[in-house]
Amino acid sequence: MKITLNVMRQAGPNDEARLVAYELVGLSEDMSFLEMLDVLNEQLTERGEDPVAFDSDCREGICGMCGIVINGVAHGPERTTTCQLHMRSFKDGDTITLEPWRASAFPVIKDLVVDRSAFDRIIQAGGYISVNTGAAPDAHATPVPKADADRAFEAAACIGCGACVAACPNASAMLFTAAKVTHLGLLPQGQPEREARVVNMLHQHDVEGFGGCTNIGECSAVCPKEIPLDVIGTLNADLGHALVRNK
Ligand code: SF4
Ligand code: FES
């Protein structure tokens, strides 16, 4: 395959961003998208040029580190993570444009790498269970209704990649926050902190500068883990209960 890449390059947080074109030839359609970028970076390094900075870790779709806006879509044309995207999703001769996640709460560090520590601070604000939940046998002895277990498991699949924020016109992190609130709030172990959790996590969400949700749904459409939009309804219900009971 031969492709042309238009890569948004930015040397540092305060530098100007500009699109730079690169031509790559001899690519295999069986390469992953990140392997294709590895080829680009090898060539840039050999030429003495600065390689393109991008994030990745597991390259198996489980860690949430990777994330590039590809041809205007977070994670690209397939509903998967950037690392699980393959070159067979593109045609020979294609031009592909690569940009970082765009959100003021995710400042660009370099090229395609953004600072997603705002997500960590939302988790620190309440995305945990700090009460004593006992040992493993206690977990087995605590019944959880099957429907709740399934929904909690579905929400727990969120890998914190941030594609939902990148896709949202409001740069809202509501799908991410709601996935965490739903995951913990449906389990018996999550009940003691349920009200404080939703209030504190949402407060931190707003402090970080993420926008509000206006039910557009782009977040769920690009989510590689198919987190359903209705977790935001669960978050809103929890928030309503918390505010009524504590006013
Ligand atoms: S909700 Fe989906 S898109 Fe958003 S951070 Fe979690 S896995 Fe990524
Ligand atoms: S590198 Fe881990 S999910 Fe893509």
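Tutor: One term before we start. Two strands count as paired if DSSP finds at least two bridges between them. With that in hand, Thr4 stands opposite Glu23 in strand 2. Keep in mind that the model is predicted.

Student: Which strands pair there, in what sense, and over how many bridges?

Tutor: Strand 1, residues 3–9, pairs with strand 2. The sense is antiparallel, over 7 bridges.

Student: What is the strand order in the sheet?

Tutor: The order is 2-1-5-3-4. It is an open sheet of 5 strands, with mixed pairing.

Student: And which strands stand at the edges?

Tutor: Strand 2 (18–24) and strand 4 do. Each has a single partner strand, so one side of each is left without a neighbour in the sheet.

Student: Strand 3 with strand 5, parallel or antiparallel?

Tutor: Antiparallel, over 2 bridges. Val69 stands opposite Glu99 in strand 5.

Student: Let me zoom out. How many helices and strands are in the chain?

Tutor: The protein chain has 9 helices and 7 strands. Its C-alpha atoms fill a box of roughly 60 × 35 × 30 Å along the principal axes.

Student: What percentage of the residues count as buried?

Tutor: 36% of the 247 residues. As for contacts with a separation of 6 or more, 69% come from residues 24 or more positions apart.

Student: Helices now. Which residues of helix 2 are buried?

Tutor: Ala118, Phe119 and Ile122, in a helix that spans residues 117–124. Seen down the axis of helix 2, the buried residues fall within an arc of 105°, so they line one face of the helix.

Student: What do those buried residues pack against?

Tutor: Helix 6 (174–185) and helix 7 (194–207).

Student: How do helix 6 and helix 7 sit relative to each other, then? At what angle do their axes cross?

Tutor: Roughly 170°, and the axes come within 10 Å. That makes helix 6 roughly antiparallel to helix 7.

Student: Which residues make the contact?

Tutor: Helix 6 gives Thr177, Lys180, Val181, Leu184 and Gly185. Helix 7 gives Arg194, Arg197, Val198, Met201, Leu202 and His205. By class, that contact has 5 nonpolar, 3 polar and 3 charged residues.

Student: What about helix 7 and helix 9? At what angle do they pack?

Tutor: About 110°, with their axes 9 Å apart. Helix 9 covers residues 231–245. Helix 7 and helix 9 are therefore roughly perpendicular to each other.

Student: Which residues are in that contact?

Tutor: From helix 7, Arg194, Glu195, Val198, Val199 and Leu202. From helix 9, Leu235, Asp238, Leu239, His241, Ala242 and Arg245. The class count for this contact is 6 nonpolar, 1 polar and 4 charged residues.

Student: Why does His75 count as buried?

Tutor: Because His75 has 25 C-beta neighbours inside 10 Å. The cut-off for buried is 20 or more.

Student: What does His75 touch?

Tutor: Leaving out residues up to four places away in sequence, His75 touches Gly67, Ile70, Thr80, Thr81, Thr82, Leu85, Ala163, Val222 and Pro224.

Student: Last one. How many Å apart are His75 and Gln191 in space?

Tutor: 34 Å, C-alpha to C-alpha. In sequence, His75 and Gln191 are 116 residues apart.

Definitions and conventions
Residues numbered from 1 in each chain as written. Chains lettered and ligands numbered in written order. Predicted model: local features only at pLDDT ≥ 70, side-chain atom pairs only at ≥ 80, totals over all residues. Buried ≥ 20, exposed ≤ 12 C-beta atoms within 10 Å, placed from the backbone. Helix = DSSP H or I, 4+ residues; strand = E, 2+ residues; numbered from the N terminus. Arc of directions from axis to C-beta. Contact = placed C-beta atoms within 7 Å. Axes fitted to C-alpha atoms, helices over the stretch in contact; angles between N-to-C directions. Parallel < 35°, antiparallel > 145°, perpendicular 65-115°, else oblique. Nonpolar A, V, L, I, M, F, W, Y, C, P; charged D, E, K, R; others polar.
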